[in-house]
Amino acid sequence: DALEYDVVIIGAGAAGLMCALTAGQRGRRVLVLDHANKVGKKILMSGGGRCNFTNMYSTPENFLSANPHFCKSALSRYTPWEFISLVERHGIPYHEKKLGQLFCDRKSRDIVQLLLDECRSGNVEIRTHSPVSGIEKCDSGFRLSSNGQTFYCNTLVVASGGLSIPKMGASGFGYEVARQFDIPCLPTRAGLVPFTLDERKLRDLSALAGVSLEVHARTREGLFRENLLFTHRGLSGPAILQVSSYWAPGQDVALDLFPDYDLAEWLRTQRRERPRVHLKRLLAEPLSRRVADYWCDRHLGNPLMADISDQEIAFTVSHLQPWSLVPSGTEGYRTAEVTLGGVDTHALSSKTMESKLVPGLYFIGEVVDVTGHLGGHNFQWAWASGRAAGEVV
Ligand code: FAD
């Protein structure tokens, strides 16, 4: 027998559950279908198990999109403070780690439980192990099937996320639905992802694996001051994840290892004031011993500061401020936190997330071409876009 709902939501992740609880609490009959064995898997693994559920300073500037204005409406109507007050109403303890990033004191599970409790009070029905196999438009809305059952709904919400971490149930399903209804999608690529290096460079840098430094990392369009981490596979750490979203193959990444110094002036001053100090020891102060040794061993050796020429200072500056590296690629969707690109926002209403071409069809969360910076912004987009749709479906 066919089952009828006002709203069917595909994907029980952050955006889908927020949409579901909002619509359910408005009295809509809501069904959420997810092909995974449990809901909110990405929430559970997020923030190293403590879910960085929002960012106090989230603004539209923290998002990438072919249409940077699109996210503004939803973000301004559901702010981080709205989600924080929900977290507080549920008595979930949290803390600011840094830069406005809010994490659970306990486990990410707290956030999933909050969403499930709110869904329950909206009488939302949630079915896991439920892949959706066919979607068709019909007179009163949509018909879809899952596990051999047919469902009818007036409104269909696609909240199936992006391509990152296929092992967690990520799929290109949302893009396929968009294509089925002739809704344009922008090319996707991995974002918030570590860089790989070619084998020669990797061998060369292997002595630095494990070193973490605060840097200014810059690509053509992105600039971030955060930590860089050298790993056995390449470059990682928050500074790298952030700029990776702005990087295109072939481009270099400029790493200023001395974000607080005018390096040329500092070296000249040190030469005057501490002429008996060796270069390695001096550079180890702002850098670390391993990075100072690495660089000196390959270039100038370990002279006394007194013996360093102006040309050698200029050479050092030209190599270290910034240090320019060309990644060979990224680790891809296997480890990326997000997927850039996706459903073209020009085809959606920024107020409601409804398709302009297909009334009754909505796209929310990561499947849409809106991608946040690292630090809780991606969940904030999931909450805000889920809310925007949930209020009208
Ligand atoms: P998802 O949460 O991915 O949910 C999509 C749901 O759809 C899933 O449950 C999936 O099983 C289901 N689905 C997919 N295909 C189908 C299908 N064909 N049929 C039925 N169901 C389907 N962001 C932050 O803001 N803070 C963090 O701390 C953070 N940490 C992260 C850590 C990791 C390791 C990763 C990978 C991401 C992290 N993110 C973080 C990003 C954040 O998890 C996502 O941006 C967010 O989950 C997107 O929400 P969503 O609801 O759009 O998609």
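L300 sits in the loop between α11 (289-298) and α12. Helices here are DSSP runs of H or I with at least four residues, strands are runs of E with at least two, and both are numbered from the N terminus. The model is predicted, so local features need pLDDT of at least 70 and side-chain atom pairs count only at pLDDT 80 or more, while totals for chains, interfaces and linings use all residues. Residue numbers run from 1 along each chain as its sequence is written, and side-chain values use heavy atoms, with hydrogens and water left out.

Which residues does L300 contact, leaving aside its neighbours within four places in sequence? They are L279, W295, E312, F315 and T316. Contact means heavy atoms within 4.5 Å. T316 is 16 residues from L300 along the chain, and their C-alpha atoms are 8.5 Å apart.

Two backbone details come next. Q321 and P322 are joined by a cis peptide bond, with omega about 5°. P322 belongs to the loop between α12 (310-320) and β17 (323-325). N147 is not a glycine, yet has a positive phi of about 50°. Its loop runs between β9 (141-146) and β10 (149-158). Most residues other than glycine have a negative phi, and most peptide bonds are trans.

Now take a helix pair. The axes of α4 (residues 80-89) and α5 (residues 109-121) come within 10 Å and cross at roughly 85°. Axes are lines fitted to C-alpha atoms, for helices over the stretch in contact, and angles run from 0 to 180 degrees between N-to-C directions. α4 and α5 are therefore roughly perpendicular to each other, a label for angles of 65 to 115 degrees. From α4, F83, L86 and V87 meet I111, L114 and E118 of α5. By class, this contact has five nonpolar, no polar and one charged residues. Ala, Val, Leu, Ile, Met, Phe, Trp, Tyr, Cys and Pro count as nonpolar, Asp, Glu, Lys and Arg as charged, and the others, Gly among them, as polar.

Finally, the ligand. Of the 30 residues around the ligand, A15, D34, S171, E366 and F379 come nearest; a residue counts as near if one of its heavy atoms lies within 4 Å. By class, the shell has 12 nonpolar, 14 polar and four charged residues. The largest share, four residues, comes from α13.

Polar contacts are pairs of N or O atoms within 3.5 Å. A polar side-chain atom of D34 lies 2.5 Å from a ligand oxygen. A backbone N or O atom of A15 is 2.8 Å from an oxygen atom of the ligand. For a polar backbone atom of G376, the distance to a ligand oxygen is 3.4 Å. The protein covers 93% of the 990 Å² of accessible area that the ligand has on its own, by the Shrake-Rupley method with a 1.4 Å probe.

Notes
A polar contact is a pair of N or O atoms within 3.5 Å; within protein, one must be able to donate a hydrogen and the other to accept it, and residues adjacent in sequence count only if both atoms are side-chain atoms. Angles under 35 degrees count as roughly parallel, over 145 as roughly antiparallel, 65 to 115 as roughly perpendicular and the rest as oblique.
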